[in-house]
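Subject: Structure handover

Hi,

My notes follow below it.

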Amino acid sequence: MDPRLSAELELAAVPPEELVRRLYRLALRREPEPEVLAETAARVAGATLSRAALLADLVAADEFARVRLLDDAVAFAAWARSAGERPRELRGPGGSDERPVEIPWCLARYSGEPRVLDVGYAFAEPVYLAGLVGLGAAELVGVDLAEAEVPGLRGVVADVRSLPFADGTFDVVFCISTIEHVGADNERYGLEAAPGGLDEGLRQLRRVGGRVLVTVPCGEPGDHGWFVQDDPEGWRRRFRSAGFLVFEEEVYELGDDGWRSATEFDATGVRYGERGPGASAVLCAELHPRTAGTVLREGVRRLRHGRGE
């Protein structure tokens, strides 16, 4: 039988409701709302909406554009890991938040460590969570004030300022656009937490983890109620105070031509939400525990790369 005919007959045999569910999961990575499911399935059953037309409508939606943007970012990070690359100077389109640059920047720097912690997983992008699970770590734990079920990840409900893990439990920690919310007003997430303590959260990450891959909003310093923003030097001071050495960092800024690496970043006038739906700039950093050994190795590394002072 012609393979095309076989595929056509197979699709024709799928009940309308199941067909709609499959296409939504494929294109938008979610289930359709109940009323949308009922209405769309009725149109498919009544032949007023073809299968191809439904798929075309889904992939033309803004929601699909974001799914593809993040899917491409996670796929790029997977390629970079397989090629042994540590990508810099990433790009993201204008009108998007910082996820298309911060997610691949961090995921690309995973080096196969067996024990992984993700901080703030409960409200993370599903595409990112799938990429996180896809790392294949022997132990993958997520910690958050909220509870969420993610297959392949063990969720722990806890405050990052008092993590219920022993010293050095994890080899690498991912903390993407999360640490700035610690101790802030989390009412928009339906959560409550005691105020303050961002720096204590960083110290806890230093205590339980090895390398930390972190991203934070960058720009004019300020407390916005539900998060804190700082300039690059302000974040560096916080990282150092918590006992970290900044092994690598890169600032990305949202401009007229989209997200670009900002080698000469000026935080003056860079305010959250004024250029797009999220941060106007983001600092991506790899942090290592600050010890005599790591300081010595970093000094040697900088000299070899011509960056010694």
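Which residue in β2 does Arg115 stand opposite? Glu139. The model is predicted: local features need pLDDT of at least 70, side-chain atom pairs count only at pLDDT 80 or more, and totals for chains, interfaces and linings use all residues. Numbering starts from 1 along each chain as its sequence is written, and side-chain values use heavy atoms, without hydrogens or water.

The sheet: β1 (residues 115-119) and β2 (residues 139-144) run parallel, joined by 5 bridges. Strands are DSSP runs of E, at least two residues; helices are H or I, at least four; both are numbered from the N terminus. Pairing takes at least two DSSP bridges. The open sheet has 8 strands, ordered β3-β2-β1-β4-β5-β10-β8-β9, with mixed pairing. β3 (154-157) and β9 (258-261) are the edge strands.

The helices: α7 (residues 126-133) lies across β1, β2 and β4 (172-176), at about 175 degrees to β4. Angles run from 0 to 180 degrees between N-to-C directions, with axes fitted to C-alpha atoms, for helices over the stretch in contact. Contact means heavy atoms within 4.5 Å.

Gly243 follows α9, with a positive phi near 100 degrees.

Best wishes
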